[in-house]
Amino acid sequence: MDTYDVIVIGAGAVGENAAAIPAQHGLRVAIVESHLVGGECSYWACIPSKTLLNPGRILQFARSNPATRSLLDRELDPAEVFRRRDEMTSNWDDSSQEDWLSDNGIELIRGHGRLAGERLVTVTGGDGRTTPYRADRAVIVATGSEPNPPGIEGLEDIDTWTSRELTSASHVPRRLAIVGGGAVGVEMAQAWAWLGSEVTLVHNSSHLLPSEEPFVGEELARALEGSGVRVITDAETRRVRRSGDEAIIEMDIDGTTERITADEVAVATGRRPRTKDLGVETVGLSPGDPLDVDDHMRVEGIDGWLYAVGDVNGRALLTHVGKYQARIAGAHASGVTGARIHAASAIPRVIFTNPEAAAIGSTEQQAIEAGLDVDVVTHDIGAIAAAGTLGEGYSGTAKLVIDRREGVVVGATFVGPQVAELLHSATIAIVGRMPLSQLWHAVPAFPTFSEVWLRLLENYRDGGWDPYAA
Ligand SMILES: Cc1cc2nc3c(=O)[nH]c(=O)nc-3n(C[C@H](O)[C@H](O)[C@H](O)COP(=O)(O)OP(=O)(O)OC[C@H]3O[C@@H](n4cnc5c(N)ncnc54)[C@H](O)[C@@H]3O)c2cc1C
């Protein structure tokens with residue numbers, strides 16, 4: 001039986017990172033991939049979705065400035081946008097990523113991987129043959145997630161779009177209905193509206209992106225409507241069906257049934273970990289469940305040899321978080337026993353619409369529920385000098401949640417054009433638990449959007465905080 005030190009199952013962005021570290025430590029590493037090396041993020045998620053969004057965002061920036069507005073007399077050409085998207089996904093060809101694995105000393109095994117008992121993995125190739133492998137040190141599972149269709153009557157009987165079609169389609173439906181107002185629904189609603197679809201976004205609670213500060217959903221709903229999207233909130237989708245070329249969606253709004261018609265229906269209501277056909281039952285785990293992990297990314301209830309990183313452990317379905325976990329699992333499996341999640345680590349989140357929404361740490365409500373004594377400060381980002389230099393009509397909001405007892409920031413949220421790049425300063429403040437009295441001396445350059453930090457702290461000072469107290 002072929003034996004490696006470490007076998008990684010799943011060569012998405014997270015699996016690739018998990019494999020690279022033991023290879024750097026000189027260990028023998030294999031990675032198993034059933035489809036495309038690079039996974040969801042490279043081909044049907046982060047990269048194509050942002051490439052579809054950015055032309056519309058750039059156009060909006062240019063239109064917001066009177067000096068460039070007059071230069072723009074054409075609309076977006078979807079064919080050009082799709083061409084750029086296809087380049088960015090390498091036309092769904094993974095040969096360059098395959099080269100990257102080989103350059104990094106990682107052996108690629110093509111096929112469907114399954115656990116087959118302690119430290120054992122089988123791989124079923126395209127020819128149907130199954131080969132067993134053994135991992136002397138560790139198996140790292142990085143099989144990602146898949147769409148989790150909601151229980152809507154009729155959904156299984158008609159063809160619908162998932163995030164895959166939303167990011168890879170090359171025709172613009174005249175009418176597109178998207179069910180689900182989370183990150184994927186919101187981003188893709190704006191992208192397809194800019195590409196020329198009449199988009200309706202149907203969401204089942206009062207706010208889009210309900211786990212963020214309420215003003216995020218409110219400001220993004222306004223922006224989407226400004227981009228031509230019809231946003232319907234508090235709507236429970238009950239039934240979908242097709243009649244000829246049309247899809248009809250029935251939903252309950254305030255006890256009455258409403259119908260919308262569309263040419264395509266996309267469902268973006270959440271994802272589930274990909275553990276159903278993974279042989280987890282051979283090591284006593286339940287297929288379909290997320291693989292719960294400890295702070296070293298070792299799967300709970302297993303004797304130290306099995307790790308799970310990225311979407312499959314259900315902690316945070318984001319590439320950068322998965323890659324952070326991969327660095328920890330990869331190092332720990334290589335013998336670096338101190339590799340573990342940092343106590344103050346927090347999850348940075350960005351919605352790449354225009355305006356962007358960027359957040360880290362706790363919302364005010366979450367901090368209160370966690371028992372913290374909190375203060376909050378907010379500021380209008382449009383009042384920062386940088387906003388005026390960008391263009392006219394900038395609108396945006398910044399909010400900090402402060403742990404009053406500790407004098408540190410525990411949550412930060414920004415909404416506005418170009419705010420995503422502000423997020424890492426908040427990440428450093430939160431992860432470093434930097435005292436506000438020290439943050440006060442972090443002078444932001446003029447005229448950058450980072451000046452919002454100074455304004456937020458000045459607002460806090462005006463509310464009674466003394467930045468010079470001993
Ligand atoms: C539309 C959309 C946009 C997104 N945008 C962003 C964004 O901007 N930023 C961000 O951080 N996150 C974004 N995400 C989330 C991000 O895509 C995921 O968090 C990320 O792809 C997870 O990486 P992963 O490696 O864990 O899983 P995946 O990328 O799903 O990779 C898993 C890999 O494992 C393979 N595999 C699965 N089972 C087996 C098996 N049994 N044997 C062999 N191979 C197997 C799969 O083929 C796949 O290649 C987005 C998601 C969506 C849907």
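User: What should I know about the model before I start?

Analyst: The model is predicted, so local features need pLDDT of at least 70 and side-chain atom pairs count only at pLDDT 80 or more, while totals for chains, interfaces and linings use all residues. Residues are numbered from 1 along each chain as its sequence is written, and side-chain values use heavy atoms, with hydrogens and water left out.

User: Which residues come nearest to the ligand?

Analyst: Of the 38 residues around the ligand (a heavy atom within 4 Å), Glu-33, Lys-50, Gly-113, Asp-311 and Thr-319 come nearest.

User: And which polar backbone atom is 2.8 Å from a ligand nitrogen?

Analyst: That atom belongs to Gly-113, and such a polar contact is a pair of N or O atoms within 3.5 Å. The protein covers 92% of the 1,000 Å² of accessible area that the ligand has on its own, by the Shrake-Rupley method with a 1.4 Å probe.

User: Switching to the sheet, in what order do the five strands come?

Analyst: The order is 17-18-21-20-19, in an open sheet with antiparallel pairing; strands are DSSP runs (E, at least two residues), and two of them pair if DSSP finds at least two bridges between them. Strand 17 (349-351) and strand 19 (374-380) are the edge strands, each pairing on one side only.

User: How many bridges join strand 19 and strand 20?

Analyst: Strand 19 pairs with strand 20 (residues 397-403) over seven bridges, in the antiparallel sense, and Asp-380 stands opposite Thr-397 in strand 20.

Notes:
Polar contact = N/O pair within 3.5 Å; in protein donor to acceptor, adjacent residues only side chain to side chain. Helix = DSSP H or I, 4+ residues; strand = E, 2+ residues; numbered from the N terminus.
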